[in-house]
Amino acid sequence: MRKNALCAATALSVFAAGSAFADNHSTITVATVNNGDMIRMQGYTAQFTEATGIGVEWVTLEENVLRQRVTTDITTKGGQFDIMTIGMYETPIWGANGWLIPLDDLSAEYDVDDILPAMRGGLSHDGTLYAAPFYGESSMVMYRTDLMEAAGLEMPEAPTWEFIREAAIAMTDRENDINGICLRGKAGWGEGGAFITVTANSFGARWFDEDWNAQFDQPEWANALNFFVDLMAEAGPPGYSTNGFNENLSLFQQGKCGMWIDATVAASFVTNPDDSTVADSVGFALAPDTGMGKRSNWLWAWALAIPAGTQKEAEAKQFIEWATSKEYIELVAANEGWANVPPGARTSLYENPEYQAVPFAQMTLDSINAADPTNPTVKPVPYVGIQFVAIPEFAGIATEVSQEFSAVYAGQQSVEEALEKAQAITNDAMEAAGYR
């Protein structure tokens with residue numbers, strides 16, 4: 001551990017040496033999401049400030065609110081933020097529009113080539129990196145090994161959705177407030193919208209055919225949505241239509257979920273005995289499929305980007321180099337253990353024997369490697385993206401569609417009604433945008 005702490009201290013001295021770019025009174029404003037890894041980073045910011053003289057003000061927001069705020073700010077050139085936390089959907093589009101400052105001059109010590117190829121590719125446009133991954137993720141099954149054993153079942157490394165349903169029903173114990181499965185139903189294209197999209201991919205569905213015609217009127221979408229709604233009725237928590245990542249994380253940590261399929265980054269939270277009542281009985285498996293060749297997992301990175309027009313580009317780059325560096329990973333490891341470092345961003349992390357001993361490390365990497373944004377569906381599609389479609393119009397369309405689906409989960413309309421509305425919303429928007 002001392003060696004790791006020394007490395008981290010050395011890293012900070014490197015950043016301090018570069019602080020000639022910034023005066024001692026500079027302060028940058030960072031917009032970020034309210035998840036555990038980002039909040040942990042804020043706890044170490046004082047060390048960055050002490051070394052560089054650069055102050056950091058945080059604007060920490062719930063995921064849907066963050067997306068709305070940073071999108072509004074960058075499209076209106078509002079200038080509220082010097083660094084934005086964005087992902088693989090926004091980065092290539094905003095980079096192509098000239099809205100982000102290229103990260104093509106990061107220091108040699110930063111070692112940009114160490115970034116996992118899947119992450120680097122998803123955060124680039126025309127080969128230029130526009131955002132640096134703080135962490136990368138796919139999605140996978142997290143499950144209670146004790147409840148699985150009590151149900152007389154054994155989780156396969158690569159389960160099917162039918163097995164997940166069987167296990168969820170078997171583990172459900174309403175009298176003791178244990179739900180067999182907890183899944184996202186919360187409206188928002190990156191919340192419940194992301195989850196139902198990857199689920200639909202595994203059922204053979206797609207957002208568009210090759211001519212940009214919406215596909216919600218096809219049987220694959222009905223099969224996926226009906227399966228999801230039935231599964232959650234049988235084995236999900238009440239009120240799941242408002243549950244997103246943070247809500248389900250809380251339920252799982254309280255011992256109220258037999259299984260949870262969500263971001264691989266959650267593994268460190270559910271296995272942390274300081275926060276999770278079930279930390280010593282959690283297993284992991286690949287996201288499920290239906291035998292059609294596509295697993296229901298996504299690919300994502302929460303990444304730090306600099307909006308064009310900031311007056312503090314040099315300071316912002318210094319912060320990004322610090323927060324997404326190998327040395328930051330070692331800083332967290334030295335203080336909180338290897339299980340709690342930001343995962344999924346750097347090749348060197350998965351080559352580190354200490355990290356290889358972490359129980360979820362290999363499954364996380366396998367899940368990331370199993371996700372292919374260029375070939376996301378069973379049938380051919382004209383778009384790139386797994387849980388999203390990489391076109392500017394998608395965020396608005398998918399937010400509306402996800403609201404219709406959440407209304408189904410809340411019992412306010414039928415699957416058929418929601419799919420009919422989704423078809424109309426999507427086709428109308430695509431026609432207005434000139435795709436059809």
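I began with helices α7 and α9 of this predicted model, and I asked how their axes are related. I found that the axes of α7 (residues 161–171) and α9 come within 9 Å and cross at roughly 20°. Angles under 35 degrees count as roughly parallel, and α7 and α9 are therefore roughly parallel to each other. I also noted the hand of the crossing, which is left-handed where α7 passes α9.

Next I looked up the residues at this contact: from α7 I listed W161, E162, R165, A168 and I169, which meet F227, D230, L231, E234 and A235 of α9.

I then turned to the largest nonpolar core, which holds 147 residues, and I wrote down I181, W207, M259, F319 and F405 as the members that touch the most others. Helix α9 (residues 219–235) gives this core its largest share, 9 residues.

I followed I181 into the strands and recorded that its bridge partner in β9 is M259. Strands β8 and β9 (residues 257–263) pair in the parallel sense, and I noted 3 bridges between them.

For the sheet as a whole, I read the order of its 4 strands as β8-β9-β7-β10, an open sheet with mixed pairing. Its edge strands are β8 (179–182) and β10 (282–286), each of which pairs on one side only, and the twist from one strand to the next averages 20°.

Last, I checked helix α16 (residues 361–369), which packs on the sheet where it touches β7 (139–144) and β10, and whose direction makes about 20° with that of β10.

Terms used
Residues are numbered from 1 along each chain as its sequence is written. This is a predicted model: local features need pLDDT of at least 70, side-chain atom pairs count only at pLDDT 80 or more; totals for chains, interfaces and linings use all residues. Side-chain values use heavy atoms; hydrogens and water are left out. A nonpolar core is a set of buried Ala, Val, Leu, Ile, Met, Phe, Trp, Tyr and Cys residues joined through side-chain atoms within 4.5 Å. Buried means under 20% relative accessible area, exposed over 50%, partly exposed in between (1.4 Å probe, protein chains only). Helices (H or I, at least four residues) and strands (E, at least two) are DSSP runs, numbered from the N terminus. Two strands pair if DSSP finds at least two bridges between them. Axes are lines fitted to C-alpha atoms, for helices over the stretch in contact, and angles run from 0 to 180 degrees between N-to-C directions. Contact means heavy atoms within 4.5 Å. Angles under 35 degrees count as roughly parallel, over 145 as roughly antiparallel, 65 to 115 as roughly perpendicular and the rest as oblique. A crossing is left-handed if the near helix is turned anticlockwise from the far one by less than a right angle, and right-handed if clockwise.
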